Amino acid sequence: MAAAMSGAVDLSALKQRAQEPAAPREPAAGGDWTVEVTEANLEAEVLEQSNRVPVIVLLGSPRSEASAALAATLGDLVAEDRGKWTLARVNVDTNPQIAQVFGVQAVPTVVAVAAGRPITSFAGPQPADQLRRWLDSILDAVAGKLPDADTREGDEAEEAEDSIDPELAAARDALDSGDFEAARTAYQGLLDAGATGVVAAEATASVRQIGFLIRATGQRQDAVLVADAAPRDVEAGLAAADVEVLSQLPDSAFDRLVALVRVTRDEDRATVRARLLELFELFDPADPAVVAGRRKLANALF
(Lines give C-alpha, C1' and ligand atoms only; values in the text may rest on other atoms or scores of the structure.)
Protein backbone atom coordinates (compact mmCIF):
# COMPACT_ATOMS: atom_id res chain seq x y z
CA MET A 1 0.00 0.00 0.00
CA ALA A 2 2.81 2.38 0.73
CA ALA A 3 3.98 2.30 -2.81
CA ALA A 4 0.38 2.44 -4.05
CA MET A 5 -0.10 5.82 -2.43
CA SER A 6 2.93 7.30 -4.06
CA GLY A 7 2.51 8.97 -7.42
CA ALA A 8 -1.09 7.79 -7.86
CA VAL A 9 -2.70 9.16 -11.03
CA ASP A 10 -5.87 8.42 -12.98
CA LEU A 11 -5.13 6.36 -16.08
CA SER A 12 -8.78 5.86 -17.02
CA ALA A 13 -8.81 8.64 -19.63
CA LEU A 14 -6.04 7.13 -21.69
CA LYS A 15 -7.36 3.63 -21.13
CA GLN A 16 -10.62 4.69 -22.78
CA ARG A 17 -8.76 6.34 -25.65
CA ALA A 18 -6.72 3.24 -26.52
CA GLN A 19 -8.09 1.69 -29.68
CA GLU A 20 -7.85 -2.03 -30.49
CA PRO A 21 -5.19 -2.83 -27.92
CA ALA A 22 -2.79 -5.64 -28.70
CA ALA A 23 -2.41 -8.70 -26.50
CA PRO A 24 -0.03 -8.36 -23.54
CA ARG A 25 3.52 -8.45 -24.83
CA GLU A 26 5.78 -11.44 -24.30
CA PRO A 27 9.55 -10.84 -24.12
CA ALA A 28 11.29 -11.20 -27.46
CA ALA A 29 13.38 -14.26 -28.07
CA GLY A 30 16.53 -12.21 -27.59
CA GLY A 31 15.46 -11.21 -24.09
CA ASP A 32 14.26 -7.67 -24.84
CA TRP A 33 11.88 -6.45 -22.12
CA THR A 34 11.74 -2.85 -23.36
CA VAL A 35 8.91 -1.36 -25.42
CA GLU A 36 8.09 2.05 -26.85
CA VAL A 37 4.66 3.19 -25.65
CA THR A 38 2.11 5.44 -27.34
CA GLU A 39 -1.57 6.10 -26.67
CA ALA A 40 -2.43 3.25 -29.05
CA ASN A 41 -0.63 0.55 -27.07
CA LEU A 42 -0.72 2.04 -23.57
CA GLU A 43 -3.43 -0.30 -22.32
CA ALA A 44 -1.74 -3.49 -23.52
CA GLU A 45 1.87 -2.56 -22.80
CA VAL A 46 1.37 -0.82 -19.44
CA LEU A 47 -2.02 -1.48 -17.84
CA GLU A 48 -2.51 -5.11 -18.88
CA GLN A 49 1.16 -6.02 -18.75
CA SER A 50 1.36 -4.67 -15.19
CA ASN A 51 -1.02 -7.42 -14.08
CA ARG A 52 1.77 -9.88 -14.85
CA VAL A 53 4.94 -8.01 -13.85
CA PRO A 54 5.66 -4.45 -12.70
CA VAL A 55 6.01 -2.00 -15.57
CA ILE A 56 8.50 0.82 -15.16
CA VAL A 57 7.36 3.73 -17.31
CA LEU A 58 10.12 6.12 -18.35
CA LEU A 59 8.70 9.42 -19.59
CA GLY A 60 11.48 11.31 -21.31
CA SER A 61 12.48 13.37 -24.31
CA PRO A 62 15.13 12.80 -26.98
CA ARG A 63 16.14 16.41 -26.31
CA SER A 64 17.10 15.51 -22.73
CA GLU A 65 20.53 14.03 -22.04
CA ALA A 66 19.32 12.95 -18.59
CA SER A 67 16.49 11.00 -20.24
CA ALA A 68 18.92 9.17 -22.50
CA ALA A 69 21.24 8.35 -19.62
CA LEU A 70 18.41 7.06 -17.45
CA ALA A 71 17.03 5.01 -20.34
CA ALA A 72 20.41 3.37 -20.80
CA THR A 73 20.73 2.53 -17.10
CA LEU A 74 17.20 1.14 -16.89
CA GLY A 75 17.81 -0.81 -20.08
CA ASP A 76 20.82 -2.51 -18.49
CA LEU A 77 18.85 -3.29 -15.34
CA VAL A 78 15.81 -4.73 -17.15
CA ALA A 79 18.11 -6.98 -19.19
CA GLU A 80 19.81 -8.06 -15.97
CA ASP A 81 16.50 -8.97 -14.32
CA ARG A 82 15.28 -10.92 -17.37
CA GLY A 83 11.53 -10.62 -17.20
CA LYS A 84 10.95 -9.72 -13.55
CA TRP A 85 9.68 -6.35 -14.82
CA THR A 86 9.35 -4.52 -18.11
CA LEU A 87 10.51 -1.09 -19.23
CA ALA A 88 8.00 1.09 -21.10
CA ARG A 89 9.54 4.19 -22.69
CA VAL A 90 7.38 7.19 -23.56
CA ASN A 91 8.50 10.12 -25.71
CA VAL A 92 6.63 13.01 -24.10
CA ASP A 93 7.26 15.23 -27.13
CA THR A 94 5.11 13.00 -29.35
CA ASN A 95 2.79 11.71 -26.60
CA PRO A 96 1.83 14.78 -24.55
CA GLN A 97 -1.47 13.23 -23.48
CA ILE A 98 0.34 10.40 -21.69
CA ALA A 99 2.65 12.90 -20.03
CA GLN A 100 -0.36 14.90 -18.86
CA VAL A 101 -2.12 11.89 -17.38
CA PHE A 102 1.01 10.86 -15.46
CA GLY A 103 1.37 14.43 -14.20
CA VAL A 104 4.83 14.90 -15.67
CA GLN A 105 6.36 18.20 -14.63
CA ALA A 106 9.95 17.46 -15.59
CA VAL A 107 11.83 14.94 -17.69
CA PRO A 108 12.85 12.34 -17.11
CA THR A 109 10.06 11.07 -14.86
CA VAL A 110 9.78 7.39 -13.93
CA VAL A 111 6.55 5.77 -12.74
CA ALA A 112 6.20 2.19 -11.51
CA VAL A 113 2.86 0.59 -12.43
CA ALA A 114 1.52 -2.65 -10.94
CA ALA A 115 -1.93 -4.22 -11.25
CA GLY A 116 -2.99 -1.35 -13.50
CA ARG A 117 -2.11 1.39 -10.99
CA PRO A 118 0.87 3.68 -10.43
CA ILE A 119 2.51 2.75 -7.13
CA THR A 120 5.54 5.02 -6.89
CA SER A 121 7.49 7.53 -8.96
CA PHE A 122 10.42 9.89 -9.08
CA ALA A 123 11.75 12.63 -11.34
CA GLY A 124 15.28 13.34 -12.48
CA PRO A 125 18.39 11.22 -12.96
CA GLN A 126 19.32 8.55 -10.42
CA PRO A 127 22.54 6.54 -9.95
CA ALA A 128 22.44 2.87 -10.88
CA ASP A 129 22.85 1.61 -7.31
CA GLN A 130 19.89 3.67 -6.10
CA LEU A 131 17.79 2.48 -9.03
CA ARG A 132 18.72 -1.10 -8.15
CA ARG A 133 17.46 -0.65 -4.58
CA TRP A 134 14.30 1.10 -5.83
CA LEU A 135 13.53 -1.71 -8.25
CA ASP A 136 14.18 -4.38 -5.64
CA SER A 137 11.79 -2.66 -3.23
CA ILE A 138 9.08 -2.67 -5.92
CA LEU A 139 9.61 -6.34 -6.73
CA ASP A 140 9.41 -7.18 -3.02
CA ALA A 141 6.27 -5.08 -2.57
CA VAL A 142 4.32 -6.75 -5.40
CA ALA A 143 5.58 -10.30 -4.89
CA GLY A 144 2.62 -12.67 -5.04
CA LYS A 145 0.10 -9.83 -5.42
CA LEU A 146 -0.27 -9.34 -9.18
CA PRO A 147 -3.42 -11.00 -10.57
CA ASP A 148 -1.78 -12.65 -13.57
CA ALA A 149 1.71 -13.17 -12.14
CA ASP A 150 1.35 -16.95 -11.85
CA THR A 151 0.34 -17.68 -15.45
CA ARG A 152 3.75 -19.23 -16.08
CA GLU A 153 3.84 -22.86 -17.12
CA GLY A 154 5.91 -25.70 -15.76
CA ASP A 155 7.76 -26.34 -12.54
CA GLU A 156 8.73 -22.69 -11.96
CA ALA A 157 5.14 -21.62 -11.24
CA GLU A 158 4.48 -24.65 -9.05
CA GLU A 159 7.63 -24.07 -7.04
CA ALA A 160 6.75 -20.40 -6.53
CA GLU A 161 3.29 -21.37 -5.31
CA ASP A 162 4.62 -24.04 -2.97
CA SER A 163 7.29 -21.74 -1.55
CA ILE A 164 4.81 -19.23 -0.08
CA ASP A 165 4.65 -19.52 3.69
CA PRO A 166 1.07 -20.56 4.61
CA GLU A 167 0.98 -17.92 7.36
CA LEU A 168 2.07 -15.28 4.86
CA ALA A 169 -0.58 -16.48 2.42
CA ALA A 170 -3.21 -16.23 5.19
CA ALA A 171 -2.13 -12.67 5.97
CA ARG A 172 -2.38 -11.70 2.31
CA ASP A 173 -5.79 -13.33 1.97
CA ALA A 174 -7.09 -11.42 4.98
CA LEU A 175 -5.78 -8.16 3.56
CA ASP A 176 -7.24 -8.85 0.12
CA SER A 177 -10.63 -9.58 1.69
CA GLY A 178 -10.58 -6.29 3.58
CA ASP A 179 -10.29 -7.85 7.04
CA PHE A 180 -7.67 -5.39 8.26
CA GLU A 181 -7.61 -6.54 11.87
CA ALA A 182 -7.06 -10.17 10.92
CA ALA A 183 -4.39 -9.18 8.41
CA ARG A 184 -2.54 -7.04 10.95
CA THR A 185 -2.66 -9.84 13.49
CA ALA A 186 -1.35 -12.34 10.95
CA TYR A 187 1.49 -10.11 9.80
CA GLN A 188 2.43 -9.26 13.36
CA GLY A 189 2.49 -12.97 14.13
CA LEU A 190 5.08 -13.46 11.39
CA LEU A 191 7.27 -10.77 12.95
CA ASP A 192 6.84 -12.17 16.45
CA ALA A 193 7.89 -15.58 15.10
CA GLY A 194 11.16 -14.10 13.83
CA ALA A 195 10.44 -13.68 10.11
CA THR A 196 13.43 -12.50 8.09
CA GLY A 197 14.25 -11.23 4.61
CA VAL A 198 11.48 -10.39 2.17
CA VAL A 199 8.77 -11.81 4.46
CA ALA A 200 9.89 -9.58 7.33
CA ALA A 201 10.00 -6.55 5.04
CA GLU A 202 6.48 -7.21 3.77
CA ALA A 203 5.15 -7.87 7.26
CA THR A 204 6.73 -4.74 8.73
CA ALA A 205 5.40 -2.52 5.96
CA SER A 206 1.98 -4.16 6.07
CA VAL A 207 1.57 -3.77 9.83
CA ARG A 208 2.40 -0.08 9.52
CA GLN A 209 0.15 0.46 6.51
CA ILE A 210 -2.80 -1.51 7.88
CA GLY A 211 -2.57 0.43 11.12
CA PHE A 212 -2.87 3.62 9.12
CA LEU A 213 -5.84 2.27 7.14
CA ILE A 214 -7.71 1.27 10.28
CA ARG A 215 -7.12 4.67 11.86
CA ALA A 216 -7.77 6.74 8.73
CA THR A 217 -10.97 4.98 7.70
CA GLY A 218 -12.31 5.60 11.21
CA GLN A 219 -11.91 9.38 10.99
CA ARG A 220 -14.98 11.58 10.62
CA GLN A 221 -15.87 12.51 7.05
CA ASP A 222 -15.68 16.25 7.72
CA ALA A 223 -12.28 16.03 9.41
CA VAL A 224 -10.66 18.42 6.93
CA LEU A 225 -13.35 21.07 7.43
CA VAL A 226 -13.08 20.74 11.20
CA ALA A 227 -9.29 21.14 11.09
CA ASP A 228 -9.49 24.10 8.72
CA ALA A 229 -11.79 25.82 11.20
CA ALA A 230 -9.35 25.18 14.08
CA PRO A 231 -5.83 25.33 12.60
CA ARG A 232 -4.12 25.02 16.01
CA ASP A 233 -6.12 21.99 17.18
CA VAL A 234 -3.64 19.09 17.21
CA GLU A 235 -6.16 16.24 17.26
CA ALA A 236 -8.21 17.82 14.48
CA GLY A 237 -5.08 18.35 12.40
CA LEU A 238 -3.94 14.75 12.83
CA ALA A 239 -7.34 13.44 11.79
CA ALA A 240 -7.48 15.71 8.75
CA ALA A 241 -4.00 14.65 7.64
CA ASP A 242 -5.07 11.00 7.78
CA VAL A 243 -8.08 11.73 5.60
CA GLU A 244 -5.99 13.69 3.11
CA VAL A 245 -3.42 10.90 2.76
CA LEU A 246 -6.23 8.37 2.35
CA SER A 247 -7.63 10.65 -0.38
CA GLN A 248 -4.21 10.64 -2.11
CA LEU A 249 -3.48 14.26 -1.13
CA PRO A 250 -0.17 13.76 0.69
CA ASP A 251 1.13 17.25 -0.09
CA SER A 252 -1.85 18.79 1.71
CA ALA A 253 -1.48 16.42 4.64
CA PHE A 254 2.24 17.09 5.03
CA ASP A 255 1.80 20.87 4.75
CA ARG A 256 -0.96 20.75 7.36
CA LEU A 257 1.22 18.94 9.88
CA VAL A 258 4.26 21.09 9.16
CA ALA A 259 2.11 24.15 9.89
CA LEU A 260 1.09 22.52 13.19
CA VAL A 261 4.73 21.87 14.05
CA ARG A 262 5.38 25.60 13.65
CA VAL A 263 2.68 26.65 16.13
CA THR A 264 3.01 23.90 18.77
CA ARG A 265 5.51 23.24 21.53
CA ASP A 266 6.75 20.43 23.74
CA GLU A 267 4.53 17.31 23.80
CA ASP A 268 2.12 18.59 21.17
CA ARG A 269 4.97 19.34 18.77
CA ALA A 270 6.51 15.92 19.43
CA THR A 271 3.15 14.26 18.73
CA VAL A 272 2.68 16.09 15.44
CA ARG A 273 6.26 15.44 14.33
CA ALA A 274 5.93 11.72 15.12
CA ARG A 275 2.71 11.47 13.09
CA LEU A 276 4.30 13.28 10.16
CA LEU A 277 7.28 10.93 10.16
CA GLU A 278 4.87 7.99 10.32
CA LEU A 279 3.01 9.25 7.25
CA PHE A 280 6.29 9.72 5.38
CA GLU A 281 6.97 6.01 5.91
CA LEU A 282 3.86 5.12 3.91
CA PHE A 283 5.51 6.42 0.75
CA ASP A 284 8.64 5.78 -1.24
CA PRO A 285 11.47 7.90 0.22
CA ALA A 286 12.12 9.34 -3.26
CA ASP A 287 8.53 10.51 -3.69
CA PRO A 288 8.61 14.28 -4.38
CA ALA A 289 5.94 14.89 -1.74
CA VAL A 290 8.07 13.16 0.88
CA VAL A 291 11.24 14.95 -0.17
CA ALA A 292 9.48 18.32 0.00
CA GLY A 293 7.75 17.41 3.26
CA ARG A 294 11.01 16.45 4.97
CA ARG A 295 12.63 19.69 3.85
CA LYS A 296 9.72 21.76 5.17
CA LEU A 297 9.74 19.86 8.45
CA ALA A 298 13.46 20.54 8.91
CA ASN A 299 12.87 24.24 8.27
CA ALA A 300 10.01 24.29 10.75
CA LEU A 301 12.07 22.59 13.47
CA PHE A 302 15.25 24.57 12.98
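The model, which is predicted, contains an open sheet of five strands in the order β1-β3-β2-β4-β5, with mixed pairing; helices and strands are DSSP runs numbered from the N terminus, a helix being H or I over at least four residues and a strand being E over at least two, and two strands pair if DSSP finds at least two bridges between them. The edge strands are β1 and β5 (117-123), each of which pairs on one side only. Neighbouring strands of this sheet are turned by 20° against each other on average, with direction ignored, where axes are lines fitted to C-alpha atoms, for helices over the stretch in contact, and angles run from 0 to 180 degrees between N-to-C directions.

Residues are numbered from 1 along each chain as its sequence is written, and side-chain values use heavy atoms, with hydrogens and water left out. As this is a predicted model, local features need pLDDT of at least 70 and side-chain atom pairs count only at pLDDT 80 or more, while totals for chains, interfaces and linings use all residues.

**Strand pairing**

- Strand β1 (residues 34-36) runs parallel to strand β3 (residues 86-91) and is joined to β3 by three bridges, with Glu36 having Arg89 as its bridge partner in β3.
- Strand β2 (residues 55-60) also pairs with β3 in the parallel sense, over six bridges, and here the bridge partner of Leu58 in β3 is Arg89.
- Strand β4 (residues 109-114) and β5 pair in the antiparallel sense over six bridges, and Val113 stands opposite Pro118 in β5.

**Helix α4 and the sheet**

- Together, β2, helix α4 (residues 65-81) and β3 make a right-handed β-α-β unit; a crossover is right-handed if, with the strands pointing away from the viewer, the path from the first strand over the helix to the second runs clockwise.
- Helix α4 lies across β1, β2, β3, β4 and β5 and runs at about 160° to β3, where contact means heavy atoms within 4.5 Å.

**Helix pairs**

- The axes of α4 and helix α6 (residues 128-142) come within 11 Å and cross at roughly 50°; the two helices are therefore oblique to each other, given that angles under 35 degrees count as roughly parallel, over 145 as roughly antiparallel, 65 to 115 as roughly perpendicular and the rest as oblique.
- α4 passes α6 in a right-handed crossing, a crossing being left-handed if the near helix is turned anticlockwise from the far one by less than a right angle, and right-handed if clockwise.
- On the α4 side this contact includes Leu70, Thr73, Leu74 and Leu77, and on the α6 side it includes Leu131, Leu135 and Leu139; by class, its residues divide into seven nonpolar, one polar and three charged, with Ala, Val, Leu, Ile, Met, Phe, Trp, Tyr, Cys and Pro counted as nonpolar, Asp, Glu, Lys and Arg as charged, and the others, Gly among them, as polar.
- The axes of helix α8 (residues 166-176) and helix α9 come within 7 Å and cross at roughly 160°, so α8 and α9 are roughly antiparallel to each other, and their crossing is left-handed.
- Glu167, Leu168, Ala171, Arg172, Ala174 and Leu175 in α8 meet Phe180, Ala182, Ala183, Ala186, Tyr187 and Leu190 in α9, a contact with 10 nonpolar, no polar and two charged residues.
- For helix α9 (residues 180-192) and helix α10 (residues 197-217), the axes come within 9 Å and cross at roughly 150°; α9 and α10 are therefore roughly antiparallel to each other, and α9 passes α10 in a left-handed crossing.
- Among the residues that make this contact are Phe180, Tyr187 and Leu191 of α9 and Val199, Val207, Ile210 and Ile214 of α10, while the whole contact has 12 nonpolar, four polar and three charged residues.

**Backbone features**

- Most residues other than glycine have a negative phi, and most peptide bonds are trans.
- A cis peptide bond, with omega about 0°, joins Val107 and Pro108, and Pro108 has its place in the loop between α5 (96-101) and β4.
- Arg82, although not a glycine, has a positive phi of about 45° and is found in the loop between α4 and β3.
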